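I opened the notebook to look up charged side-chain pairs. Entries follow in the order I made them.

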Amino acid sequence: MVCFRLSPVPGSGLVLLCLVLGAVSSYSLELNLTDSEKNICLYAKWQMKFRIRYETTSKNYKFVTISDLSNATYNGSICGDDQNGPKIAVQFGSVFSWVVNFTKEVSTYSIDIISFSYDTSDNTTFPDAKEKGIFTVYNPVAFGIPLNDIFRCNSVSTLEKNDVVQHYWDVHVQAFVQNGTTSTKEFLCDKDKTSTTAVTTTHTTVPSTTMPTPKEKPEVGSYSVNNGNGTCLLATMGLQLNITQEKVVSVINIKPNTTDFTGSCHPQTALLRLNSSNIKYLDFVFMKNENRFYLKEVNVSMSLNNGSVFSIANNNLSYWDASLGSSYMCNKEQTVSVSEAFQINTFDLRVQPFNVIEGKYSTAEECSADSDLNFLIPIAVGVALGFLIIVVFISYMIGRRKSRTGYQSV
C-alpha cells in the first residue's frame, strides 16, 4: 500500500490518501479524508472503470477504456461543512475527472450525484475526434444509507448515460463519519443482499480448502442474464482455468452445479459474472463493434489453496467474434489468453450476448477450428467413396480378365 499525505486544504482538513496497487489493470482506491482535527470524516474504498464511445472525423466510432488509475489525483475532495456536503473528486491526468457528492438528512446520508468529465481535445487519447471539448455526464443516484453505517457493494454496478459506461465494484464508503471512527455495521446494496455465495473481502479469512488440479474435460454449464424485457445474454460452455504462480501451474475446472451467475445488459456492452465459494468473480465483458460483437474483457479474483488471492484483468481482448444477431460457437477446445499467468480453456462453447430473441440462440457462426472440421468431413467422405469406387473397378477388371481367360481355354 502506497500512501500519499497532502498538505491541508482550507475547509477540507488533511487528506491521507492510500492507493492499493495490485496485479490487475484496475486499481483499488482507498481514501481516508480527515478534518482539521485529524478525525476521519469520510472513508471510501472502491474500484471502477470507464468506457467512452466517440465519433471520429470519418464518421466511425471508437472506444476509450480507462482502467489504469495509478496516476489519480484527488484535488477538491472535502469533508464538507454547513454550506456544502462531503465530496470525493478524482482526476486522471488532465483528460478525465470524476466527482461524487453526498447529502445528509435527519437519520440518513445519500450518495447523491456522480459526474464524469472527459476532454476530447486531447488528440492522444481521442485521436480524430469529430467534436472537441469537455463533456460531462451526470448520474443521479440518491439512495439513502443510515447514518453511521458503512455502505458496501462488492457486486458490479453499472451506470450508462450518453456515450459513457461506468462500472463500480468492491465499494465501501461512509460519509459523515461519527466521532472520527468508521463503522463496523454494513449497509448492503441490493445485489449483495440477494447473493447466495460467500463474498471474500479484506476482512474475511481466505478459504483453506485445497483446490483440485484436474486434467479431465470440464462439465458444460448453461448461463443466462435477464433484464426487464427477458433473457438478454446466453452462454453455454465448459471452463477450465489455468493459473501459473512461481512456475507452478494449477488447473481448475469450473463446476456448473456449484457456480452462481449474474450479469447485466446494455446497448453497447454486456456482462456475465460467475462466482462460487472460491471464485469471488469471473467476469466476461462483451462489446459491440459496428455490426459485430466480441469478448473484450476478462476479470478474475479468486482464492487459491496456498491462502493467496489471485486477481487479473485484461480489457484489451478480442475473442469470440461474430455478427450481431447471431451466436458464436466453438465445440473444439479453445484458449482465451488473459495474461501469461492466466488462461481459460473453453469446451463446447456457444455464446450470444446481444439480440437474444425469445430466450433462444440465433444461428451460430462457427470458429475456424469447427469450420475446418466441417470442411474436412465431406472431403474425407469423398475420398472414401472414391477409394471404394476404385476398389470396385479393379475387382471388376480382374473378374472380367479371368472370364476371358476361361473362354480361351475352352
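I looked up Arg152 and found it buried, at 13% relative accessibility. My cut-offs: buried is under 20% relative accessible area, exposed is over 50%, and partly exposed is in between, with a 1.4 Å probe and protein chains only. This is a predicted model, where local features need pLDDT of at least 70, side-chain atom pairs count only at pLDDT 80 or more, and totals for chains, interfaces and linings use all residues. Residues are numbered from 1 along each chain as its sequence is written, and side-chain values use heavy atoms, with hydrogens and water left out.

Next I checked the partner of Arg152. Glu186 forms a salt bridge with Arg152, and the closest N and O atoms are 3.2 Å apart. I count a salt bridge when a side-chain nitrogen of Lys or Arg is within 4 Å of a carboxyl oxygen of Asp or Glu. This pair links distant parts of the chain: Glu186 sits in strand 14 (residues 186-188) and Arg152 in strand 11 (residues 150-153), 34 residues apart. Strands (E, at least two residues) are DSSP runs, numbered from the N terminus. Glu186 is partly exposed, at 36% relative accessibility.

How many salt bridges does a search of the whole structure find? I got eleven.

I then took Asp163 and Arg53. Their side chains meet in a salt bridge, 3.3 Å from N to O. Asp163 lies in the loop between strand 12 (157-161) and strand 13 (164-175), and Arg53 lies in strand 4 (residues 40-55), so the pair ties together parts 110 residues apart in sequence. Asp163 is partly exposed, with a relative accessible area of 30%. Arg53 is also partly exposed, at 22%.

Arg273 is in strand 19 (residues 269-275) and Asp283 in strand 20 (residues 279-289), so the pair ties together parts ten residues apart in sequence. Are these two buried or exposed? Arg273 is buried, with a relative accessible area of 6%. Asp283 is buried as well, at 4%. I also logged a network: salt bridges that share partners join Lys49, Arg51 and Glu297.

Last, I listed what surrounds Asp283. Leaving out residues up to four places away in sequence, Asp283 touches Val156, Leu271, Leu272, Arg273, Glu297, Val298 and Asn299. Contact here means heavy atoms within 4.5 Å.

Methods: Helix = DSSP H or I, 4+ residues; strand = E, 2+ residues; numbered from the N terminus.
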